Amino acid sequence: MEKESTYLIPISGLALGKHSFQYEVSDEFFSGMDYSEIQHGKVSVNLDIDREETMLVLTFDIEGTVRVMCDRCADEFDLPIESNQVFYIKLGTENAEESDDVMVMPADQHDFDLTSLIYEFIILSIPMHRVHPEGECNQEVIDMLNGMQEAAEEDEESIDPRWAALKDIELNDK
């Protein structure tokens, strides 16, 4: 994705101490991400940065909704999300990733692009099992799935007569 000035924080001009930033993430943000499973959403990102001499502590508070597909009925719905994440940037001599939540960047770097971090934290806030709230699934699809389930169970109970004779065979395992 191209760097957007909207999600850049000025590292070199940031004084020591606490700073706050707020971002509104919308459909345009998601459509700009390559291969994003999310295309629609409205998410507020509140970022608090504590700038220290050799490190920045970024605290993200994320809240909003994203449009996802229901795992039960396959209809799309707006899923509420909420997340609090902390990320550390150490100022050093070269770019490096120490762990999932700590990276090192050159102390003389002028700015830092938050785009990938914001996207990653939004994706991480989506639960593994995504279903409509109770009673809001597409009832036609649910009825069709239940009918298919019942038909499959009936098929298991009725055995082809050609194979039924095999049930009477005794095997000697001695």
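Reply: The sulfur of C70 has its closest cysteine sulfur in C137, at 3.7 Å, which is too far for a bond, given that a disulfide is counted as a pair of cysteine sulfur atoms within 2.5 Å. Taken from the side of C137, the closest cysteine sulfur is that of C70, at 3.7 Å and again too far for a bond. C70 is buried, with a relative accessible area of 2%, and C137 also counts as buried, at 12% relative accessibility, where buried means under 20% relative accessible area, exposed over 50% and partly exposed in between, for a 1.4 Å probe and protein chains only. A search of the whole structure finds zero disulfides.

This is a predicted model, in which local features need pLDDT of at least 70 and side-chain atom pairs count only at pLDDT 80 or more, while totals for chains, interfaces and linings use all residues. Residues are numbered from 1 along each chain as its sequence is written, and side-chain values use heavy atoms, with hydrogens and water left out.

As for the aromatic rings, the structure holds four aromatic pairs, a pair being rings of Phe, Tyr and Trp (its six-membered ring) with centres within 6.5 Å, stacked if the planes are under 30 degrees apart, edge-to-face if over 60 and tilted for the rest. The rings of Y7 and F29 have centres 5.2 Å apart and planes at 65°, so this pair is edge-to-face. Both Y7 and F29 are buried, and ring pairs link Y7, Y23, F29 and F30 into a cluster.
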